[in-house]
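Me: I'm new to this one, so please walk me through it. I'll keep asking how you know.

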Amino acid sequence: MPLARSVSVTSLTGLEDWEDEINLENAVLFEVAWEVANKVGGIYTVLQTKAKITSDEWGENYFLLGPYLEQNVRTQVELIDPPHPAVRRTIDSMNTKGCKVYFGRWLIEGGPYVVLLDVGATAWSLDRWKTELWDSCTIGVPWYDREANDAVLFGFLTAWFLGEFVAQCEEKPFVIGHFHEWLAGVGLILCRIRKLPVATIFTTHATLLGRYLCAGSVDFYNNLNFNVDKEAGDRQIYHRYCMERAAVHCTHVFTTVSQITAVEAEHLLKRKPDLVTPNGLNVKKFSAMHEFQNLHAQSKAHIQEFVRGHFYGHLDFNLDKTLFFFIAGRYEFSNKGADIFLEALARLNYLLRVNGSQVTVVTFFIMPARTNNFNVESLKGQAVRKQLWDTANAVKEKFGKKLYESLLVGNLPDMNKMLDKEDFTMMKRAIFATQRHSFPPVCTHNMLDDSTDPVLNTIRRLGLFNSSADRVKVIFHPEFLSSTSPLLPVDYEEFVRGCHLGVFPSYYEPWGYTPAECTVMGIPSISTNLSGFGCFMEEHIADPSAYGIYILDRRFRALDDSCTQLTSFLYSFCQQSRRQRIIQRNRTERLSDLLDWKYLGRYYMSARHMALAKAFPDNFTYEPPEETAAQGFRYPRPASVPPSPSISRHSSPHHSETEEDDERYDEEEEAEKDRRNIKPPAMTGPVPEWRRPPKKGSSEASTSSNASNASTPTMPSSPSDPSSPSSSIIEERN
């Protein structure tokens with residue numbers, strides 16, 4: 001079924017007034033999630049990045065409720081005494097009754113307060129609480145499902161805390177409880193069963209059943225009319241599904257993160273979401289465009305150093321003509337699109353080889369899997385690289401000292417005496433150490449399930465073994481990146497900045513933080529029309545590929561056709577010149593305002609206002625904004641495309657001698673036009689004059705159209721021709 005267009009922020013014209021209408025003095029917001037100070041998946045990123053704008057709005061009346069996990073608390077939370085009297089009395093009351101409740105400040109931007117509930121300390125109540133859950137909701141939880149048992153404990157403790165808090169307040173506040181995902185859903189169900197005066201919001205970031213069904217290789221989005229009870233039972237998740245569905249139907253306001261997930265939730269959870277709340281990021285803008293380009297160059301240099309070590313003995317490709325692609329996320333082989341990506345890489349490898357391309361592609365798979373340590377060959381590569389570096393530095397110092405002494409006495413150096421036999425011996429030993437008789441390793445770690453690992457088995461089937469003839473190299477790094485790693489010592493943000501393209505051909509991706517993070521860092525990415533991010537970008541951008549956002553069709557094409565399209569995207573990207581990639585990164589980075597929490601956070605304000613009006617109708621009113629004919633602002637196609645990098649010599653210190661001049665192109669003028677076109681989603685306004693279609697019979701319109709055609713190059717549809725200019729950049733660094 002076709003997807004309906006989601007309600008855009010641009011259509012919610014009343015949002016700006018709601019801030020003044022809601023009195024938050026006697027309102028308290030509790031946000032409940034299993035991933036508070038506990039990184040498991042994307043919800044952690046949502047809470048972490050949204051904390052600042054929520055703290056700015058709610059101040060001391062904003063609290064996050066999560067599980068107490070000692071290893072996380074040691075590094076992320078500063079335990080303090082509660083400054084709020086009612087919270088202090090609530091925690092004291094629960095602790096005296098056998099619970100362990102901790103209060104602190106989460107050490108992230110915004111520094112929100114956190115209330116951490118120790119589920120292990122109250123495990124003695126599990127049987128009693130599961131009985132109560134069965135008696136009140138007819139939801140039974142099997143003894144062997146530890147995650148569901150934790151959800152029961154966490155939910156009862158959450159409801160206990162919220163009920164105790166309301167009782168301890170002298171002046172009854174307006175309490176909002178915002179619950180994320182099914183793991184927090186039991187707490188919401190109990191709040192409604194016990195009739196607590198709490199306005200509830202439930203946000204599903206991905207439906208449980210949807211994730212399981214997509215992993216089972218079914219035609220999910222074209223066949224959403226499943227027998228949900230049977231499908232959940234067949235997968236032994238019926239009790240979890242019941243928790244999720246009960247929370248959805250009990251909550252005052254039900255939200256989800258994307259329009260495509262809203263369609264999924266309506267079919268699987270049997271309730272249409274009240275609002276779509278897209279995920280955002282904290283966008284830090286640079287004062288000059290070349291600053292983030294310089295960061296790309298610095299981060300790329302760190303990746304190049306790793307590649308030099310990893311491919312020692314087989315470093316027969318030019319790193320200046322090497323592109324770095326990557327895929328990252330949960331290790332869900334089919335859901336995340338790793339299967340189609342590997343197939344496309346094999347086809348790309350063939351195309352680059354038969355066409356004699358000088359471009360080499362190094363592709364990283366950053367997906368955590370079960371390992372026992374780094375493998376010896378990977379560590380040896382970095383040791384060999386370091387040894388070569390030390391040898392070169394030692395010879396350089398010796399050479400420099402002799403050169404200095406020779407020049408000091410006024411003589412030109414005798415080059416035959418600058419290096420002695422010992423130096424040559426040391427250099428030869430270093431060279432011999434780089435000899436390798438095996439291919440560079442595909443995987444950087446020792447896998448526990450090497451013979452059954454889907455990524456490694458697919459690589460074996462496709463023959464991507466990093467041989468000298470291959471133009472596509474593959475590196476599987478089955479661990480989260482860390483700046484303290486002895487192998488690849490960079491954190492994730494630095495790694496993303498150093499890459500050229502992020503590839504995320506997901507089949508099931510309710511939102512997609514990885515391509516969003518690429519966008520705010522100015523890195524082009526490939527997403528799909530089955531991901532929330534891809535749908536969001538298609539909605540707001542007339543031609544996403546022109547802005548470095550390639551949308552792969554996985555909904556209306558067969559798998560092989562989608563793979564062919566992905567191969568086309570990858571091959572076209574490899575054909576871009578360095579200057580074109582720089583221009584495209586600038587244009588991608590300009591889209592970051594679309595993903596800023598300063599604008600997307602208003603969706604959450606809308607959900608909270610709606611919940612307050614439903615729970616406390618005597619104190620709050622909510623009138624949903626009427627949908628107007630205006631469907632929101634769409635970023636237009638780029639006004640112009642640079643035909644040659646040599647035209648912008650006035651702003652680029654280094655000029656390319658390999659490309660010819662075709663037409664005049666004012667880079668700064670076009671960049672300013674882009675900034676006017678790219679409006680934040682919360683802004684509305686009339687259609688710009690230059691975007692309005694000319695009136696028929698108007699000589700003025702005809703004249704301006706002809707003039708425009710004469711001075712502005714035609715926008716190409718190929719993804720290999722990036723659009724729009726950038727600010728001044730040192731080209732050679734990128």
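Me: Which residues have the most contacts inside the largest nonpolar core?

Reply: This is a predicted model, and its largest nonpolar core has 86 residues. Those with the most contacts inside are Val307, Phe325, Leu348, Phe364, Phe495 and Leu570. Helix H13 (residues 338-354) gives the largest share, eight residues. Another core, of 75 residues, lies apart from it, with Val32, Leu183, Tyr241 and Tyr507 among its members.

Me: What does Phe364 touch, leaving out residues up to four places away in sequence?

Reply: Its partners are Ile303, Phe306, Val307, Phe324, Phe325, Phe326, Ile327, Ile475 and Phe495.

Me: How many aromatic pairs turn up in the whole structure? And why is the pair of Phe174 and Phe620 called edge-to-face?

Reply: The search finds 33. For Phe174 and Phe620, the ring centres are 5.1 Å apart and the planes stand at 85 degrees. Centres within 6.5 Å make a pair, and planes over 60 degrees apart count as edge-to-face, so edge-to-face it is.

Me: What makes the pair of Phe306 and Phe364 tilted?

Reply: Their planes are at 45 degrees, with the centres 6.1 Å apart. Stacked needs under 30 degrees and edge-to-face over 60, and the rest are tilted, so this pair gets that name. Phe306 sits in helix H12 and Phe364 in strand S11, so the pair ties together parts that are 58 residues apart in sequence.

Me: How do you know that Arg608 and Glu57 form a salt bridge?

Reply: Their closest N and O atoms are 2.8 Å apart, and the cut-off is 4 Å. Helix H23 holds Arg608 and helix H2 holds Glu57, 551 residues apart. Arg608 has 3% relative accessibility, so Arg608 counts as buried. Glu57 is at 31%, between the 20% and 50% limits, so Glu57 is called partly exposed.

Me: What about Asp553 and Arg557, how far apart are the closest N and O atoms there?

Reply: They are 3.8 Å apart, and that is a salt bridge, as the rule asks for within 4 Å. Asp553, at 17%, is buried, whereas Arg557, at 38%, counts as partly exposed. By this rule the count comes to 29 salt bridges.

Conventions: Residues are numbered from 1 along each chain as its sequence is written. This is a predicted model: local features need pLDDT of at least 70, side-chain atom pairs count only at pLDDT 80 or more; totals for chains, interfaces and linings use all residues. Side-chain values use heavy atoms; hydrogens and water are left out. A nonpolar core is a set of buried Ala, Val, Leu, Ile, Met, Phe, Trp, Tyr and Cys residues joined through side-chain atoms within 4.5 Å. Buried means under 20% relative accessible area, exposed over 50%, partly exposed in between (1.4 Å probe, protein chains only). Helices (H or I, at least four residues) and strands (E, at least two) are DSSP runs, numbered from the N terminus. Contact means heavy atoms within 4.5 Å. Rings of Phe, Tyr and Trp (its six-membered ring) pair if their centres lie within 6.5 Å; planes under 30 degrees apart count as stacked, over 60 as edge-to-face and the rest as tilted. A salt bridge is a side-chain nitrogen of Lys or Arg within 4 Å of a carboxyl oxygen of Asp or Glu.
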